[in-house]
Amino acid sequence: MKKKNRMAVIYGPMDMKIIDSEIDDPKPGQVQIEIKAALTCGTDVKIYKRGYPFLTPPFPTGHEYAGIVTAVGGGVDPELIGKKVVTSNGAGCQYCFYCKRDKDNLCEGMEEDYDEFVQMGGGFAQYINVSAAIVKANLMVIPDEVPFEQAAMVEPVSVALHGVNKAELRVGDTLCIIGAGPMGLLKTQIAKMRGARVIMLEKDPGRLAKAMELGADVGLDPGKYDDIVSVVRGLCNDGRGPDAVIEAVGQPATWELAIALVRKGGIVVEYGGCAKGTTITVDTVRLHYDEITIKGSYSATAYETETAGTLLSRGLIRAEDYISGVYSLEQTREALEAHMNGEGVKFLIRP
Ligand SMILES: [Zn+2]
Ligand SMILES: [Zn+2]
């Protein structure tokens, strides 16, 4: 039986409406979730501002959510009905070239069937039918004591974890993170769990203070120094520089700064996605004689999604540290605009 479903839909750049629509019963392999908490994300803001290359308007929006299973499609365990769950917004197909090589974050499945392997929208709504591929790979039952909004952080935590894993930190290492947005903050917490010392570079005083509150050891505003590279290097490994650097801004200039900061033999993780067509310049001396490693970081694997669920279930990362305001579903636009205007870290929508 179809259910009434109020949802946020994008009609074009900066054009979002709340519409009353209907949702079908879940198809075989799918799970229907009544959404109890959804979170705004930088990606939602980007989509609201300029659309999304893989989606033609009108399309639903919101991809970080948790709720209760209200119905299941054929082949799915009916015991799931009534359970508190969270899913990620994507899944690997498990059989393509990359999935076979444990790189399900690079899965080719989305090129074959986008909607089956990626659900970039539908989270700012009362109900959602989660695709069979995502149910199979990335649906997690969450403990009763974990708030819905905390569970809803699985996707950003998994993606932050992927970036930190790429830095291959050892206990006692110094990690420099550039940028204290939601991702830089999550990476700070995760790096601390791995026994690293964290130096945060951030120009915004509010964000820098938040990073310190969440465990960063040193916080610096790079705008206040003529030579930030020497300042950061002077703080670690007797002037040699940090063991690893993660860029979490998404600007070519900070990508280059990350490469300049790291010590010989260190690892640079270029995490922040830059605008299409941009390029950076790399000093060949750094790559050859200094043997630095430069890596990209995109999305997360199913294993990291599972680990993110564990961290949130244990309360090692708490929603209250990240949520700056609460809105109703009808106020989704206000929530996105608050996020866009930098009025906080993330915003909670309660349908
Ligand atoms: Zn997100
Ligand atoms: Zn695949």
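Predicted model: local features only at pLDDT ≥ 70, side-chain atom pairs only at ≥ 80, totals over all residues.

Trainee: Which exposed residues does the face of α9 turned away from its buried side carry?

Mentor: Start with the buried residues of α9 (residues 205-213), which are R207, K210 and A211. They cover an arc of only 100° around the axis, so they sit on the same side of α9. The face turned away from that buried side carries the exposed residues P205 and E213.

Trainee: What covers the buried residues of α9?

Mentor: Look at the side that holds R207, K210 and A211. The cover there includes one helix and strands, namely α8 (182-193), β10 (197-201) and β11 (218-220).

Trainee: In what order do the six strands of the open sheet come?

Mentor: Begin at the edges, where each strand pairs on one side only: these are β11 and β14 (293-296). The pairing in this sheet is parallel, and β9 (residues 174-178) pairs with β10 in that sense over five bridges. From one strand to the next, the twist averages 15°. The order is β11-β10-β9-β12-β13-β14.

Trainee: Is α1 roughly parallel or roughly perpendicular to α14?

Mentor: The axes of α1 (residues 42-50) and α14 (residues 332-340) come within 9 Å and cross at roughly 105°. Angles of 65 to 115 degrees count as roughly perpendicular. Therefore α1 is, relative to α14, roughly perpendicular.

Trainee: Which residues of α1 and α14 make the contact?

Mentor: By class, this contact has four nonpolar, one polar and one charged residues. From α1 come D44, V45 and Y48, and from α14 come L336, H339 and M340.

Trainee: Is N237 buried, exposed or partly exposed?

Mentor: First place N237: the residue lies in the loop between α10 (228-234) and β12 (244-247). Leaving aside neighbours within four places in sequence, N237 is in contact with T174 and R263. A residue needs 20 or more C-beta neighbours within 10 Å to be buried, and 12 or fewer to be exposed. N237 has 15 inside 10 Å, so this residue counts as partly exposed.

Methods
Residues numbered from 1 in each chain as written. Chains lettered and ligands numbered in written order. Helix = DSSP H or I, 4+ residues; strand = E, 2+ residues; numbered from the N terminus. Contact = placed C-beta atoms within 7 Å. Arc of directions from axis to C-beta. Axes fitted to C-alpha atoms, helices over the stretch in contact; angles between N-to-C directions. Parallel < 35°, antiparallel > 145°, perpendicular 65-115°, else oblique. Nonpolar A, V, L, I, M, F, W, Y, C, P; charged D, E, K, R; others polar. Pairing = 2+ DSSP bridges.
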